Amino acid sequence: MSSVLDVVLSSAFLAAVLRVATPYLLAAFGGLVAERAGISNIALEGQMLSAACTGALVAGYSHSVALGAVCGVAVATLLGVLLAALRLELGADAIIAGIGINLLASGATAYAVYSLLDDKGGTSGLKSGTLPTVTLPGIESIPVVGDVVSGQNLVTWLAFLAAPFVAWLFFRTRFGFHLRAIGEMPDAAASVGIPVRRVQYAGLALSGALAGLAGVFLSMGYVSFFVRDMTAGRGFIALAAVFLGGLRPWGVFLAALGFGAAEALAVQLGTLDVPPQLVSTIPYAMTLVALAVYAWRRKRRGAAGEVATASL
Amino acid sequence: GGSGGDDSGAESSDKLRIKLVINGGLGDKSFFDSAHEGLKKAEKDLGYELKVVELGSDRTKWEPGFEDAASADDYDILAAGTFEVTDYIGELAPQFPDKKFWLFDAPVDYSGKNGTCSNKCENVYSVTFKQNEGGYLAGFLAEKLVAEKSLKGAESLKKVGVMPGVKIPVIEDFVVGFRAGFKAAGGKNSDVLVQYVGGDKPFSDPAKGKEISTAMYGQGAALVWPVAGLSGLGTFESAVTAKRYTFGVDSDQYQTLTDQAQKDTVVTSILKNVGTALYKAAQADQKDSLKYGAVDTVGLAEDAVGYVNDDHFQQLVPEKIRTEVQEAADTVKSGSVTVPSAF
Amino acid sequence: MTTTPMTLIETEDRRQYRATRRRDLAVDVSMALATILVALAIGFLVMLATGNDPVQAYEVMLTGPLDRSFRVGRWLEDATTLTLLGLSVAIPFRARQISLGAESQLYAGALAAAAVAVFLPLPAVAAVIVPMVAAAMAGAGMGLVPGTMKARLGANEIVATLMLNAIAVRVYDYLVNGPLKEPGSSAVHSKPIQQDSALTPLSDWFGIPMGRANIGLGLMLLTAVALWLLITRTPLGYRIRMTGANPDFAAYGGIKVPRVIEWSFVIGGAVAGLAGAHLVQGVYGRLEPGLAGSLAFEGIVVALLARNNPLVVVVAGLFYSYLRAGGDIMEQQTDVGTEIVVVIQAVIVLLVTAQALPDLLKRRIARKQVGVR
Amino acid sequence: MNEPWGKDGPAVAARAVTKTYANGVRAVRGVDLEVPPGEIRAVVGENGAGKSTLMKLFYGLEQPSSGEILIGGQPRTLRGPASAIALGVGMVHQNLMLVPSFTVAQNVVLGVEPGRRGLVDPKAHVETTARLAEEAGLAVDPRARVDEVSVGMRQRAEILKALHRQAKVLILDEPTAVLTPQETEDLFAAVRRLRDGGMTVLFISHKLREVREISDRVSVMRAGSLVGTVATADATERSLASMMVGRDLSLDVDRSPARPGKTTLRVRRLEYEVPAGQSLHGLDFDVAGGEIVGVAGIEGNGQSELAEILAGLRRPTTGTVHVAGTDTAGLDVAGHRRAGVGYVPEDRLHNGAALDGSIADNLVVDRHDRPPLARRGVLHTGAVRAHAERLIEEYAIRTPDPSVPVRALSGGNMQKVIVARELSAGPRLLIASHVTRGVDVGAMRFMYEQLVAARDAGAAVLLISADLTELLALSDRLLVLKDGRLVARFDDTTGLTEKRVGLYMLGVEQHEQDHLMAGLEDLGKGS
Ligand SMILES: Nc1ncnc2c1ncn2[C@@H]1O[C@H](COP(=O)(O)OP(=O)(O)OP(=O)(O)O)[C@@H](O)[C@H]1O
Ligand SMILES: Nc1ncnc2c1ncn2[C@@H]1O[C@H](COP(=O)(O)OP(=O)(O)OP(=O)(O)O)[C@@H](O)[C@H]1O
Ligand SMILES: [Mg+2]
Ligand SMILES: [Mg+2]
């Protein structure tokens with residue numbers, strides 16, 4: 001048991017938590033913004049995947065990591081806009097449209113990589129590089145904290161800045177104010193002349209961009225290449241974090257971080273002699289228990305006013 | 001679709017047509033890619049015609065996919081791999097007695113007792129690999145390297161790591177062999193860290209592969225051996241960061257990697273020459289010497305399994321250890337040592 | 001009192017209303033067909049752009065599944081599982097519970113069906129039925145977990161079901177690779193089920209090869225009809241509909257909303273469990289790793305396409321499976337690659353859900369009819 | 001911020017405007033209407049006459065199928081509310097358009113927030129709102145969440161919303177439906193002040209007395225068409241009502257004296273503690289079968305809580321409630337309904353109806369599992385439909401078909417659906433909350449008659465209303481609630497004036513405890 005404690009308190013573990021949590025955080029904030037705008041973004045997975053693929057390809061061919069990252073995020077943003085357009089212009093169900101976009105991303109990325117590189121697996125044959133790491137001067141000398149944060153990727157920093165950013169956006173900006181009003185009561189927003197659709201488009205674009213950043217991190221930060229389907233279900237975990245976090249920025253932050261911590265822990269404990277499939281259930285089981293406890297406590301407190309969720 | 005191969009050949013009447021049916025996708029950088037390479041070579045050198053069908057990872061599509069592939073009259077030889085498809089081949093071979101079937105990495109049930117192979121599968125050639133022997137050499141080499149402190153920058157470390165994708169017999173066979181080799185070389189079982197990638201995409205989640213490798217290096221592993229397809233690509237990256245070492249798997253990863261820093265971490269690759277075995281089968285078939293109706297089990301002795309002994313290997317590994325590893329390989333080849341198996 | 005006499009305007013509205021409803025139905029159906037055509041046209045362009053022969057590809061895709069009896073069988077087998085999964089989520093969807101838990105329920109059902117069908121010797125008829133009942137119960141139990149969490153605690157059902165899926169898939173994987181793996185077998189799967197437990201293949205009935213299609217098809221049709229009756233013709237169905245329409249209203253009317261929510265999950269779970277039983281007893285004859293593929297997820301698409309109407313789910317399931325089968329055949333028989341097939345399927349999914357086109361058309365017609373503009 | 005208006009001409013006008021909804025309902029038919037600046041114009045008509053639709057056309061929420069909308073003397077194409085707002089049109093909707101989790105202040109400023117460069121300034125929100133409220137004489141708590149304040153305050157917030165946008169035309173769609181008499185007075189004073197400042201006001205109400213009090217002229221709509229516009233001075237309530245329905249209509253309620261029977265509802269020592277909302281303190285009262293007991297009080301003094309406790313939607317903290325001998329305090333809603341409790345809820349949109357459900361489904365929620373609708377676990381859709389057809393007929397619900405979703409009904413018709421359901425159950429105890437809120441004169445009269453008929457059939461009726469006129473006209477006895485306490489009890493309402501009751505509602509006067517408890521039995525075994 002004490003060895004587990006040692007692991008958890010080690011700076012290597014904490015650094016791993018930050019890394020593992022990065023895509024969850026960004027994608028979860030993407031999901032949060034969309035949910036609050038009144039359109040569930042099930043397409044997080046596909047947006048991440050497209051961004052990861054585009055980022056690695058563009059960076060590989062242009063030899064510019066920055067350009068790759070920008071293009072990756074841009075493609076995911078467009079997919080966010082596409083989801084909004086399908087919902088708002090064609091009246092499609094957001095969930096099916098999201099599933100459709102995920103399918104589209106899976107097929108199109110594989111096709112792009114294959115037709116450009118003649119490789120069905122991914123872009124590992126292409127040198128595309130990674131986004132820079134960030135080290136704040138002086139921070140390294142701080143014990144533990146220094147070890148944990150130094151050398152983390154730029155995107156990891158952005159992921160952690162995303163929480164205050166989204167909170168600020170929601171509660172301090174006019175845009176966020178309108179977005180929340182629309183998500184909760186579109187008729188009320190429309191009746192005061194807020195351009196509901198435009199705000200929803202913007203919200204979904206932002207949602208896609210955040211998911212795109214998460215995807216770019218996977219192929220240009222975590223590792224330096226794209227692999228078919230490399231998002232591996234992270235978009236859905238992020239979606240779970242959105243709801244586990246009660247649709248509130250800091251709640252979502254904690255939930256996504258919790259997923260990161262649980263997965264990092266499962267990785268650290270993975271060498272113990274327990275069937276691997278069972279070890280890998282740990283994050284999910286923990287979430288389920290946390291969800292139940294959280295709901296039970298909220299119910300006991302009798303807090304009313306749960307924010308409306310997606311409708312079918 | 002009919003990717004791979006030249007479909008344009010109009011006057012292909014006398015060429016034998018091979019159809020490679022993959023219950024998964026190409027691009028795994030190991031198993032299926034290796035088979036594909038071998039058959040492409042056969043197409044080029046031996047004058048076959050090759051068509052590839054990918055069925056994807058959705059298992060509900062495999063059985064109908066094989067049925068479709070077999071009942072179309074656009075092939076002479078149907079090649080497929082893995083244990084998962086033995087029953088499909090066992091069903092289809094008797095239905096198409098004029099066609100030939102090559103099954104790699106698993107045998108059909110030639111006895112015909114379990115409802116398949118009603119014709120005793122006399123038109124099926126199976127080849128299986130003793131990957132445990134490769135694993136044995138990997139384990140043996142790994143223990144020698146840490147015991148002799150010959151890995152630069154990792155002299156103080158005693159542990160080694162293995163990162164399989166999932167716990168299934170074919171993969172587990174590598175691991176069992178590795179443990180046996182490690183022990184045979186004098187190592188302690190507890191110094192072998194084994195951690196599976198698992199999750200939704202165990203063979204294509206390089207981010208998780210990297211995280212796991214990083215954790216194993218963090219726990220004091222001098223080298224990590226990924227047996228997890230594309231997830232293993234993450235291991236080479238983490239080895240560069242951790243300044244430690246790796247083994248490749250299935251194909252010569254020193255050759256397939258493009259980044260020099262990553263190449264430098266690869267001590268050797270444990271080969272499972274699926275492609276070579278299929279190429280040999282193609283050669284034998286042209287000479288009518290391929291043994292249909294029986295399973296061919298190949299391993300170190302047949303050079304179907306082995307390790308890469310190139311310049312880089314010789315640079316990194318002292319002569320003494322190289323000799324010891326070669327001796328260990330010889331004992332296995334000669335049969336004086338039997339490597340335990342996961343099967 | 002004295003109701004106000006019906007004014008002329010009201011009788012007129014009534015006739016008009018009926019006519020509008022009939023017309024709307026026609027518009028809905030024809031627009032559904034039109035959107036499919038548009039989707040196929042887009043796919044046509046995609047194939048042209050990627051250098052394939054779209055005409056031949058479509059011919060193969062659209063006629064392929066009916067080409068041989070075996071392929072018809074494969075289509076029906078796939079549609080059976082897919083439709084059951086669509087039905088399983090349609091019920092909680094009707095109560096506006098966004099259950100994405102069909103996957104976990106299916107695996108629970110498959111495990112239960114296999115446990116009985118492999119290990120428990122039973123007399124002939126019972127050998128078929130008992131595993132199915134066990135599967136339905138296991139699926140229902142699996143559904144009850146998120147159902148109760150939602151109904152009694154208010155825990156978000158999307159999270160709960162996604163988490164349960166992840167857990168169930170992994171535990172299932174562990175069991176199939178470990179304790180339930182057939183001893184002595186090199187491949188990973190359980191022992192086969194006993195002969196008596198197998199669902200009779202349709203080949204035995206029709207005397208032609210029908211692949212793995214089996215009488216589970218009939219079971220699926222019965223289930224769909226039963227669920228339709230449940231939703232439209234029983235008090236419980238009424239409660240489910242009202243809970244979905246406005247839970248506060250349902251509660252005000254004396255309906256025990258938490259109980260209804262639990263029931264919707266339990267019924268959905270039972271049906272997903274049956275899908276698991278179908279896979280074990282009809283399709284594979286044993287447990288195999290990952291035996292549902294991506295069907296559980298696609299079941300959601302099917303349910304939503306059908307607007308959660310059980311009878312329409314059957315149609316949507318048959319349609320979607322046809323597309324799946326046709327896509328695979330096209331992939332094999334033409335030069336169109338897997339990736340492009342996936343892209344075309346995605347386009348179809350995206351367009352078929354588009355609602356605005358029929359609505360626009362309806363508005364047009366409505367205007368015309370009243371002689372405006 | 002406002003776009004230029006023409007020099008003269010009407011402030012708002014419609015020219016041959018017709019509106020047909022997507023479902024084919026033609027709600028407005030060739031309407032020509034002109035409202036000059038600085039006038040208060042009332043628009044009256046039956047439920048479903050098209051008043052709200054016409055207003056939505058002025059506000060850009062719906063677009064006319066044909067015809068022209070003029071604002072500020074010029075024809076305009078209103079693509080959405082934003083264009084209408086820019087032209088200086090403000091609207092307070094019949095169904096309130098507020099974001100529940102936002103504060104009153106946030107709702108007031110939503111869309112035109114004070115603050116710099118895309119940022120919001122919460123303090124400025126509160127200040128702006130407080131200032132506006134002060135100026136207009138509309139009391140609100142700017143910091144309170146909208147879902148936690150009374151309907152009256154929500155209504156006031158809506159008006160502040162329009163004022164905040166500096167509207168030149170203010171559309172008020174049934175603003176007084178939920179207000180107390182005092183609040184209505186204050187609102188009227190505010191509206192007159194606005195009018196005198198040059199504002200044009202379009203005012204919709206079903207309360208003809210208010211219409212006569214506030215408006216300059218009245219336009220009457222019937223079945224989508226405008227049937228006439230008269231100067232208020234020339235109109236009587238009765239003449240307006242006749243114009244609305246197209247025939248003569250008496251507005252008086254004939255009510256024979258009550259013949260109270262045995263006690264049906266017995267409430268003893270009822271205590272209800274809640275952290276948010278109004279608690280109830282030691283309520284004791286009886287309602288006998290065959291009498292209508294009114295509950296007066298300023299909105300938010302415990303009426304809603306009392307109604308929901310009696311209906312089973314809330315559990316009392318202590319105390320007993322008996323309905324016809326059954327102790328219902330511990331029962332759930334279904335138990336209450338089995339005991340014979342019917343309830344017309346205060347907020348029909350919240351829990352009175354499933355808006356997307358059909359009328360037929362909405363009419364059977366309390367009886368869907370009983371014969372004749374359900375037998376042996378089978379719900380007979382034919383019976384459900386027949387049941388709906390019968391009630392639609394009996395209660396004159398204006399709809400082409402029982403399968404129409406309730407959402408497509410006008411407010412008054414929705415209310416009829418609810419009342420039809422509750423009354424047709426033949427309740428022993430009927431709790432009627434704001435039963436005529438937003439319904440037209442014909443329906444109002446009809447509902448009065450239904451309540452009296454239910455009483456005469458032996459039901460105990462507890463009538464909760466913000467409309468004192470209505471309470472005094474209908475109640476055989478009257479109770480007054482203040483701060484969750486019973487403060488007055490009038491066993492005879494003849495000759496009782498609104499003024500007098502108002503004194504008790506405001507807490508100026510109070511009855512003695514002995515008087516309140518007189519004649520109540522079983523006080524000892526209160527718990
Ligand atoms: N969710 C619910 N809300 C309200 N009443 C309910 C609910 N569920 C059951 N009831 C009623 O409670 C009683 C007992 O319920 P139970 O489900 O055991 O009965 P049942 O015979 O199965 O009823 P049904 O045939 O209506 O399904 C019945 O009168 C039933 O109608
Ligand atoms: N969004 C809509 N879609 C279809 N029909 C509608 C819609 N809104 C209103 N209607 C119909 O249009 C007609 C006029 O409704 P409207 O709301 O304008 O009436 P109203 O005069 O405001 O009635 P009330 O006094 O009850 O508020 C009614 O028959 C109503 O059912
Ligand atoms: Mg029942
Ligand atoms: Mg109205």
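## Exercises on contacts, salt bridges and a strand pair

In this model, 44 residues of chain C are in contact with 45 residues of chain A, where contact means heavy atoms within 4.5 Å. The model is predicted, so local features need pLDDT of at least 70 and side-chain atom pairs count only at pLDDT 80 or more, while totals for chains, interfaces and linings use all residues. Residues are numbered from 1 along each chain as its sequence is written, chains are lettered from A and ligands numbered from 1 in the order in which they are written, and side-chain values use heavy atoms, with hydrogens and water left out.

### Exercise 1

**Task.** Describe the interface of chain C and chain A: what area is buried, and which parts of chain C take part?

**Solution.** 

Step 1. Begin with the area. Buried area is the accessible area (1.4 Å probe) that two parts lose on being put together, summed over both. For chain C and chain A this is about 4,000 Å², and carbon and sulfur atoms give 80% of it. In chain C, Met163(C), Glu339(C) and Leu350(C) lose the most area to chain A, together 17% of what that side buries.

Step 2. Look for charged pairs. A salt bridge is a side-chain nitrogen of Lys or Arg within 4 Å of a carboxyl oxygen of Asp or Glu. This rule finds two salt bridges across the interface of chain C and chain A. Glu339(C) forms a salt bridge with Arg228(A), at 3.6 Å from N to O.

Step 3. Find the helices. Helices (H or I, at least four residues) and strands (E, at least two) are DSSP runs, numbered from the N terminus. On the side of chain C that touches chain A, at least two residues each come from helix H5 (124-153), helix H6 (157-177), helix H12 (295-305) and helix H14 (338-352) of chain C. H6(C) gives the most, with 13 residues.

Step 4. Sort the residues by class. Ala, Val, Leu, Ile, Met, Phe, Trp, Tyr, Cys and Pro count as nonpolar, Asp, Glu, Lys and Arg as charged, and the others, Gly among them, as polar. The side of chain C that touches chain A then has 31 nonpolar, eight polar and five charged residues.

### Exercise 2

**Solution.** 

Step 1. Count the residues: 36 of chain C are in contact with 54 of chain D.

Step 2. Turn to the area. Chain C and chain D bury about 3,800 Å² between them, with 55% of it on carbon and sulfur atoms. In chain C, Tyr17(C), Tyr238(C) and Tyr252(C) lose the most area to chain D, together 20% of what that side buries.

Step 3. Apply the salt bridge rule, which finds two across this interface. Arg241(C) pairs with Asp361(D) in a salt bridge, and their closest N and O atoms are 2.6 Å apart.

Step 4. Name the main helix and the classes. H1(C) gives the most to the side of chain C that touches chain D, with nine residues. The residues of that side divide into 14 nonpolar, 10 polar and 12 charged.

### Exercise 3

**Solution.** 

Step 1. Arg74(C) and Asp68(B) meet in a salt bridge at 3.0 Å, N to O. This pair crosses between chains, from helix H3 (residues 69-94) of chain C to helix H2 (residues 62-71) of chain B. Both Arg74(C) and Asp68(B) are buried. They also belong to a network of salt bridges that includes Glu67(B) and Arg71(C).

Step 2. Glu135(D) and Arg131(D) form a salt bridge at 3.6 Å, N to O. Both lie in helix H4 (residues 122-136) of chain D, four residues apart, about one turn of the helix. Arg131(D) has 46% relative accessibility, so it counts as partly exposed.

Step 3. Glu291(D) and Arg477(D) meet at 2.8 Å, N to O, in a salt bridge. The pair links distant parts of the chain, 186 residues apart. Glu291(D) lies in the loop between strand S12 (280-288) and strand S13 (292-296) of chain D, and Arg477(D) in strand S21 (residues 477-482) of chain D. Glu291(D) is buried because its relative accessible area is 5%, and Arg477(D) counts as buried at 14% relative accessibility.

Definitions and conventions:
Buried means under 20% relative accessible area, exposed over 50%, partly exposed in between (1.4 Å probe, protein chains only).
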